[in-house]
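Here is a protein structure to look around in. Let's take a walk through it, one piece at a time.

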Amino acid sequence: MLWLRTWLIGIKSVLLHPMRSLLTVLGIFIGVASVIWLLAIGAGISQKAQEQIEGLGADNIIVRSVKPAKAPDGSTSFILPYGLLRADYDILVETIPTIRGALPIREMRREVRYGQRELLARVVGCTPEYADITQLEIDRGHFVSDAELQLEQNHCVLASNVVDTLFPYEDPIGRRIYLPEAQDYYKIVGILKYRAPTAAIGGSLAAQDFSQDVYIPITTLRRRLGDTVVVRRGGSREGETVELNQITLQVDDIANVMKTADLVQQTLDRRHSKLEDVAVIVPKELLEQAETTRVMFMVFMGVIASISLLVGGIGIMNIMLATVMERTREIGVRRALGASRSNIVLQFLIETTVLSVAGGLAGILGGAFCPYAVNGLRQILTSYASDLISTLPQLV
Amino acid sequence: MQLAARIHELTKDYVLKGETVRALRGISLEIPAGDCVAIMGPSGSGKSTLLNLIGCLDRPTSGCLQLGDDDVSSMDDSQLSRIRASRIGFVFQSYNLIAQLNVLENIEVPLYYRGRITRHERSRCRELADMVGLSDRLKHRPQQLSGGQQQRVAIARSLANDPDFILADEPTGNLDTQTTEDILDLLGNLHRAGKTIIIVTHEKEVAARARRIIRLLDGRIDESLVQ
Ligand SMILES: Nc1ncnc2c1ncn2[C@@H]1O[C@H](COP(=O)(O)OP(=O)(O)O)[C@@H](O)[C@H]1O
Ligand SMILES: [Mg+2]
C-alpha cells in the first residue's frame, strides 16, 4: 500500500516538472537510441565486409589437377593420364556433409575462328553456377544453362575480349564460332561484361585472367573435345588425359573450411597415392583476413558502445545532479517534516527510474526505427547524389 | 509538573574550513509540557541553532537533550527522523511549502513519513485547512497564495501529525502587522489546546504573548523571565 503510494508520488512528481522530465527522457532516449543505431550500423558494415571477403572465395576450397613431375614407372604411352577424376568429384560431394556445392571445371587452350579472324582461347567447360562463383556478369543473352548442360548442346558464352577480337562489327549473338581442332561449331548464346583479371591473393589463390575465355557446358566439352589433349612439340607428340582441371568446393560455413579441407585432402590422398597429381588449395589469407575483420569490428563496436553509454550516462548523471541541487531546499523541508535519509533516496530513485524506463523504452522504439530511417536517408541521398551512393556499401 | 524538554549544558560547534564557530556554549533549560516560550536575541546569537537541536534537525556537539522521556542527544539519524515525524511540527520564516503541491497535498506531506495513512488522518487534514481558514483554497498552489495564507498552510502542515511541539523560527518575520496578529492568534489557540510552543522572534509584540521569554547572547542564556 505504502509502496504503491510511494511510486504514485514519484510518478506524480515527475509529471509536476513536465519540461525537466521531458528533457531528461529526451537525453536518455538519445543515449539509448544512438547506441542501438551505432551498433546496428556497425553490425551491418561488419556483415557486409564479411560477405565481401566471402565473395572473394574465403569459403571456397579449390582442388586442382597438377601435372606430375615424372611419369609413373612402367608407363610406355606418350599420353599421360593424371589429375582429378569425375569419380573423385562424386565421392567428395557424396561423403563430405559440410560441402554445400561443388563446381567441376575442365579447361583447355583451343583455337577459335569466326570467318577470317581467329584467337587462341581458353575453352572452359563448366556448370551454370560458375558465373556466380567467379562473379562473371552477363552483358547480353544468358550464361550456360541447366538445359544446355543436360542436352550437351554446342552453345557457348564469350568473354568480352573474345567478342572484341572475333566480332569487331557484327552482333555475335546467334552466330557460330568454329573450333578447327575439333572441327566443330558452337552457337553463341551470351556475352559477358568485361571482368578485370583477379590479382593473386597471398600464396594460395593464383591470378586469373578471364578475358580470353569461351564457356561451354562441361558435358559438351567431354563429348565433343574429350579428355585427351595431344600437342606437337618439336617433331615428337606429347599428350595428356585429364578428366577435370579443377573442382571448386563451397563450404557451408567459413568456420568449417579448415576441417573440410583436411577431409578432402585425406580422401584424395587415398585415391591418388601413386602420383602427386592433385593439390588442395585453402584460401588461408582470406580466412585470416575474415577473422581479423571480424575481431576488428567487434573491438570497434565495443568501443563505440562503451563511449556512447559513457556519454549517455554522464548526461543522465548531470541531469540528475542538477535535479537534486535544484531541490536541496525541498529535500531540507521534507527532512524537517520527518523524512528519513532513505525516504529521500527512495523518492529520487523512483523518479529516476520512472524517467529512465520512459527514456529507455522510447530509445528502444527509436532504435527499432533505424532501418526505416537509414533506408529513407539512402533514398533521399540517392535521388540527389546517385553516383556517390552507388559506390558506398549497403548498410544494415 | 511534566517536562516536555530538558536541556543540560548543551553546546553546538560548527566547523567551517578548519575554523570552529561556537554557536551554543552551554545551554541549560527546562520546558514544561504545554508551555509557550519565546527565544529572543541578536542575530547570530544561536537562536535557530537551539531551535534546530530541539527539533532534532541536528545533533549537539555535547550536552544532554531530552524530549519527554527520550534522550535525543544519543539517537542516530533514522531515530531522529522518527521523532521529527511523530512529535515535532516546524514553522519557518519563509513558509517552505513545496511548490509543486497544492494546499491540501502540502498539509498531507508529514503523513507520508509516518507509515500508515488512515482515512481519518486525511479528513483531519481538511479540518486543519478549515481551522486556518483556507478550506476554499485546497487546490491552490503556494505561489497563488499571499504570505499570510502560506504561513497558515505551514501551521496546518505542522499539525498534521498531531505533534507535541510546535517550533516556529521567526514565523512572522515576513508578515505585516495584521497578518502577524492572525498567525499569533492561531498559535495562541494551539497553546490553549495543550501544545508546547517555542517561537524564535525579534519582535517584542510577538514575545509579549509568550508565557516565558529567553534571551540569548553569544550562545549563552543571557536572561530568562516568566511573564
Ligand atoms: N550550518 C552552519 N554552518 C556554520 N556555521 C553556522 C551554521 N549555522 C549557523 N552557524 C553559525 O552559528 C552562529 C549562530 O547562528 P544562528 O543560530 O543561525 O543565529 P540566529 O538564528 O540567532 O541568527 C552564527 O555565527 C552562524 O554563523
Ligand atoms: Mg535564525
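## A helix with two sides

Before anything else, keep in mind that this is a predicted model. Start on chain A, with helix H8(A): on the face turned away from its buried side sit the exposed residues Lys259(A) and Arg270(A). The helix itself runs over residues 257–271, which makes 15 residues. From first C-alpha to last it reaches 21 Å, close to the 21 Å expected at 1.5 Å a residue.

Now turn to the other side of H8(A). Its buried residues are Val257(A), Thr260(A), Ala261(A), Val264(A), Thr267(A) and Leu268(A). If you look down the axis of H8(A), these buried residues fall within an arc of 130 degrees, so they line one face of the helix.

Next, hop over to chain B. Here you'll find seven helices and 10 strands, and 52% of the chain's 227 residues are buried. How does the chain hold together along its sequence? Take the contacts in chain B with a separation of 6 or more: 70% of them link residues 24 or more positions apart.

Let's go inside. In soluble globular proteins, nonpolar side chains tend to be buried together. The largest nonpolar core has 38 residues, and the ones touching the most other members are Ile107(B), Val153(B), Ile155(B), Ile166(B), Leu187(B) and Leu190(B). Several elements of chain B supply at least two residues each to this core, including strand S3 (36–40), helix H3 (103–112), helix H5 (147–158) and strand S7 (165–169). The largest share, five residues, comes from H6(B).

Apart from this core lies another one, of 31 residues, with Ala4(B), Val37(B), Phe165(B) and Ile198(B) among them.

Leaving aside residues up to four places away in sequence, Val153(B) touches Leu97(B), Val103(B), Asn106(B), Ile107(B), Leu134(B) and Leu145(B).

One last stop: the cysteines. How many disulfides does a search of the whole structure find? Zero, over all chains. Cys56(B) has 0% relative accessibility, so it counts as buried. Cys125(B) comes out at 1% relative accessibility, and therefore it counts as buried too.

Note on methods:
Residues are numbered from 1 along each chain as its sequence is written. Chains are lettered from A and ligands numbered from 1 in the order in which they are written. This is a predicted model: local features need pLDDT of at least 70, side-chain atom pairs count only at pLDDT 80 or more; totals for chains, interfaces and linings use all residues. Side-chain values use heavy atoms; hydrogens and water are left out. Helices (H or I, at least four residues) and strands (E, at least two) are DSSP runs, numbered from the N terminus. Buried means under 20% relative accessible area, exposed over 50%, partly exposed in between (1.4 Å probe, protein chains only). Contact means heavy atoms within 4.5 Å. A disulfide is a pair of cysteine sulfur atoms within 2.5 Å. The expected span of a helix is 1.5 Å times one less than its number of residues. The arc is that of the directions from the helix axis to the C-beta atoms. A nonpolar core is a set of buried Ala, Val, Leu, Ile, Met, Phe, Trp, Tyr and Cys residues joined through side-chain atoms within 4.5 Å.
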